[in-house]
Amino acid sequence: IYIHKLRFEDGGLFFADYSLIPQFATRIHQLEGSIIGMSSQRGARAQVQLDGRVNDYGQSKIEGEINFFDPGAYTDMAVLFRNLEMTRLTPYSGKFVGRRIDSGKLTLDLKYDIEDRKLKGDNQIIVEQIELGEKVESADAVSLPLNLAIAILEDANGVIDIGLPVSGDLDDPKFDYGQLIWKALVNLITKLATAPFR
């Protein structure tokens, strides 16, 4: 199979996570761009260039190379989300840290390389003017000193800028991308609380 070019005009993507209570959902709309060179030939790499809007005010950009028929063999993608409304992430913050998010803006600059099923990722996370809200009952919530971590991480303008590298083996039976990110974040906050000046 070989597809020279797929072009997107005013397209949309919808993502929902029904495992959460309340459920999480978001959409990318006004999706524009192209995927060039999709092929089932062994080792083939397609070029991806997509831009869109996220919910009301956010922006998204996805670009890079990927083997669509075997992404574990080769993926080199950069994904950028700008100006995301953090209140929509309350289903995640409630589940994992037992707090609502009352306000804040989020930018994610994610770069992922996968080669021979080995993943290396670099997550640049920028949070602006975050305000945590009331507690939420959750059996999965980890007790973390979030208010202290926010106070330490914020600059004078209320901006938090975190670099969070991750790596893993996709063939490891215990590999779970969400847990990988969560563990890295928990480790960071725990270190901040125990040795803030370092």
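Which residues of strand β3 lie on its covered face, and which on its uncovered one? The legends below take up this strand and other parts of a predicted model.

View 1. Strand β3 spans residues 46–54. Its covered face consists of Ala46, Val48, Leu50, Gly52 and Val54. The uncovered face carries Gln47, Gln49, Asp51 and Arg53.

View 2. On one side, β3 pairs with strand β2 (residues 24–39) in the antiparallel sense over 7 bridges. Strands β2 and β3 form a hairpin with 6 residues between them. In the turn of this hairpin, Gly43 has a positive phi of about 80°. Strand β3 also pairs in the antiparallel sense with strand β4 (residues 58–66), over 9 bridges. Here Val48 stands opposite Gly64 in β4.

**View 3. Two non-glycine residues with positive phi.** Asn55 lies in the loop between β3 and β4, in a hairpin that has 3 residues between its strands. Although Asn55 is not a glycine, its phi is positive, at about 50°. Asn55 counts as buried because its relative accessibility is 12%, below the 20% limit. Asp10 likewise is not a glycine and has a positive phi of about 50°. Asp10 is placed in strand β1. With a relative accessibility of 58%, Asp10 counts as exposed.

**View 4. The eight-stranded sheet.** The open sheet comprises 8 strands in the order β1-β2-β3-β4-β5-β6-β7-β8, with antiparallel pairing. Strands β1 (2–17) and β8 (159–169) stand at the edges; each has a single partner strand, so one side of each is left without a neighbour in the sheet. Neighbouring strands are turned against each other by 15° on average, direction ignored. Helix α1 packs on the sheet and touches β1, β2 and β6, its direction making about 90° with that of β6. Helix α3 also packs on the sheet, touching β6, β7 (118–135) and β8, and its direction makes about 130° with that of β8.

**View 5. Strands β4 and β5, with the ring of Tyr74.** Strand β4 pairs with strand β5 (residues 74–85) in the antiparallel sense over 8 bridges. Ile66 stands opposite Thr75 in β5. The charged end of Arg45 sits over the ring of Tyr74, at 3.5 Å from its centre. A search of the whole structure for aromatic pairs finds 0.

View 6. Thr107 belongs to strand β6 (residues 99–115). Thr107 counts as buried because its relative accessibility is 15%, under the limit of 20%. Not counting residues up to four places away in sequence, Thr107 touches Leu80, Phe81, Arg82 and Asn83, together with Gln124, Ile125 and Ile126.

**View 7. The buried residues of helix α1.** Helix α1 runs over residues 90–97, and its residues Thr90, Pro91, Ser93, Gly94 and Val97 are buried. These buried residues pack against β2 and β6, and also against α2 (146–153) and α3 (177–194). Just after α1, Gly98 takes a positive phi of about 70°.

**View 8. Lys183 on helix α3.** Lys183 is located in helix α3. Its relative accessible area is 56%, and Lys183 is therefore exposed, the limit being over 50%. Val166 lies 17 residues from Lys183 along the chain, and the C-alpha atoms of the two residues are separated by 9.7 Å.

Conventions:
Residues are numbered from 1 along each chain as its sequence is written. This is a predicted model: local features need pLDDT of at least 70, side-chain atom pairs count only at pLDDT 80 or more; totals for chains, interfaces and linings use all residues. Side-chain values use heavy atoms; hydrogens and water are left out. Rings of Phe, Tyr and Trp (its six-membered ring) pair if their centres lie within 6.5 Å; planes under 30 degrees apart count as stacked, over 60 as edge-to-face and the rest as tilted. A charge sits over a ring if NZ of Lys or CZ of Arg is within 6 Å of the ring centre and within 35 degrees of the ring normal. Buried means under 20% relative accessible area, exposed over 50%, partly exposed in between (1.4 Å probe, protein chains only). Helices (H or I, at least four residues) and strands (E, at least two) are DSSP runs, numbered from the N terminus. Two strands pair if DSSP finds at least two bridges between them. Contact means heavy atoms within 4.5 Å. Axes are lines fitted to C-alpha atoms, for helices over the stretch in contact, and angles run from 0 to 180 degrees between N-to-C directions.
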